[in-house]
Amino acid sequence: MTTRTRFAPSPTGYMHIGNLRTALYEYLIAKAQGGEFILRIEDTDQKRYVEGATDIIYATLKRVQMLWDEGPDIGGPVGPYVQSERKPIYKEYADKLVELGGAHYCFCKDMSDEKDENAPIVKFDDPCKHISLDEAKKRIAAGEPYVVRQNINKKGTSVFEDMVYGKIEIDYDELDEGVLLKTDGLPTYNFANVIDDHLMGITHVVRGNEYISSTPKYNLIYEAFGWEPPVYVHVPPVMKDAQHKLSKRNGDASFQDLVAKGYLPEAILNYIALLGWNPGTEQEIFSIDELKQVFTAERLNKSPAIFDGDKLKWMNGVYIRALSLDEFHKQALPYYKDLPASVNFKFLSSVLQPRVETLGEIPAEIDFIKKMPEYPLSLYQNKKMKTDEAIAKRALELSLNALKDVSDWSNEALFETLKTVAANEGYKNGQILYPVRVALSGKETTPGGATELAVILGKAETLKRLQDALNIL
RNA sequence: GGUUCCAUCGUCUAGUGGUUAGGACGCGGCCCUCUCAAGGCUGCAACACGAGUUCAAAUCUCGUUGGAAUCACCA
């Protein structure tokens, strides 16, 4: 039997990191076995539907190369793949489940809106459970609103095996007789997931561990229909800190937020793969194709993992440095928008590439290029470089003079020129180069040294800035 | 509160009875160096606690503590 997994997000308009990681594990479990990865949209809660949300889901999965074999957009043999379009299917199976004794019709008023947070937790004992099937059908035929509610008739302990957590035992007493089919005729997750997973031939159900405690209820439904339950893979949550999950509510970054901040999708994916899973080797950098080769669900972790932004940033830096210069340049280009056309952009990229861990850091690195910032003359005093204003003035005069005649405006040639100036005049390299750097950037530290700044700015701008500096010294 | 689950450096983790408890991020130092980075080397840093079992426990058992999840006509 081929392995089939599914990613079944709600269209809430936000691809959060935990969700994406679950999708990744689903994808990898399927693909490691040469299986199929299915995309299904769980939109049974009409109140939460967000316009355009499915497009974000498609775009995100495509961006990280997690391509689905069947889904709403491309179809497949067991569609439709959007739950709201499967409404008649749920109704049919709900009625069947009632016939099989696994559920009953319930006419109670919807209490969910007036639920009291502080109310003591009491198990709901549904009076409608004792209404005869004939009478229930009559009331339904008369147009009375109803829901289908699960029956938990079993006693004792439910036992099931989870690939991550092992054997889990839960008493049937703990299970509540939840709503399966809502008044609006749409199923709850508790029903839809079972029907769809079965009908779609899903072999491995991967989901957050918050579903562990309700898994026995789903097994009861599989059992009532005489269906084989899937292999369960419950994964621990991704946390913001020790007590809070990563969530939109907390303002935590989504996949698209991270991309907007200059993180590379490949790096994000690599990082989250390692949040709760490890390959058993010391390798940390993986492409998605490499993950397909080495992934096994057995190495999934049981405990929650805290999202470490520092490590993501480091890993993103690794990916940025691994880019070819051309590729990095292409990615950096949008951040150069405001710079004058005279800038040596390609060279700028080569200087920036090893110095930024996210593309978003670029603007702060290059702000001095567009416009020479104001700076205090005291910046020319630097004890490590052995410079002060007087030495700086002399250094700038000598540099300006020497640079005027340079025609090969390359870093090597410029560096040789200024080194020669230093040697001829009895200065240390830094005594010449540091003042030039300040004069060109107004900063103590810059991406690249003095001569690299000169290359970036170009000859005309370099000479102009040196002269400007001289004018105020 | 009931139930279920979890527990190795600050963080992500390796480890399945015998290891100097390993790696990575971060942090400190050194080297390199026209600053800052990058790169190389290096240092600090963990088995939550308490009982057992065993010649031997981070690894097995029990308890304690701490944490999480769940108990919706949300998923």
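**Entry 1: a term to start with.** Helices here are DSSP runs of H or I with at least four residues, numbered from the N terminus. I also noted that I am looking at a predicted model.

**Entry 2: the cavity.** The largest cavity holds about 30 Å³ of space. Which helix gives the largest share of the lining of the largest cavity? I found that helix 6, residues 215-225, supplies three of the lining residues. I then listed the whole lining: Gln150, Gly178, Leu180, Asn190, Lys217, Tyr218 and Ile221. By type, I sorted them into three nonpolar, three polar and one charged.

**Entry 3: the whole chain.** I stepped back and read off 18 helices and 11 strands in chain A. Why is chain A more spread out than a compact globule? The globule rule gives 23 Å for 473 residues, but the radius of gyration is 32 Å, well over that value, so chain A counts as more spread out.

Entry 4: I checked burial next: 48% of the 473 residues of chain A count as buried. The chain exposes about 22800 Å², and carbon and sulfur atoms supply 51% of that area. I also looked at contacts between residues at least 6 apart in sequence, and 74% of these join residues at least 24 apart.

**Entry 5: a pocket.** I turned to the second largest pocket, which holds about 220 Å³ of space. Helix 18, residues 459-472, gives the most to its lining, with six residues. On my list for this lining are Met372, Pro373, Glu374, Tyr375, Ala439, Glu461, Lys464, Arg465, Asp468, Ala469 and Ile472. I sorted these as well and got six nonpolar, no polar and five charged.

**Entry 6: one residue up close.** I picked Thr387, which sits in the loop between helix 13 (362-370) and helix 14 (389-404). Is Thr387 buried or exposed? Its relative accessibility is 6%, and the cut-off for buried is under 20%, so Thr387 counts as buried. Setting aside neighbours within four places in sequence, I found Thr387 in contact with Tyr380, Gln381, Asn382, Gly430, Gln431, Tyr434 and Pro435. I followed up on one of these, Gly430: it lies 43 residues from Thr387 in sequence, with 8.2 Å from C-alpha to C-alpha.

Definitions and conventions: Residues numbered from 1 in each chain as written. Chains lettered and ligands numbered in written order. Predicted model: local features only at pLDDT ≥ 70, side-chain atom pairs only at ≥ 80, totals over all residues. Heavy atoms only, no water. 1 Å grid on protein atoms, 1.4 Å probe; cavity = no way out; pocket = protein on both sides within 12 Å on 5 of 7 lines; lining within 4 Å. Points joined across faces, edges and corners; volume = space filled by probe spheres on them. Helix = DSSP H or I, 4+ residues; strand = E, 2+ residues; numbered from the N terminus. Nonpolar A, V, L, I, M, F, W, Y, C, P; charged D, E, K, R; others polar. Rg over C-alpha atoms; globule rule 2.2 N^0.38 Å. Buried < 20%, exposed > 50% of the residue type's maximum accessible area, 1.4 Å probe, protein only. Contact = heavy atoms within 4.5 Å. Areas by Shrake-Rupley, 256 points an atom, 1.4 Å probe, with all protein chains shown as cover.
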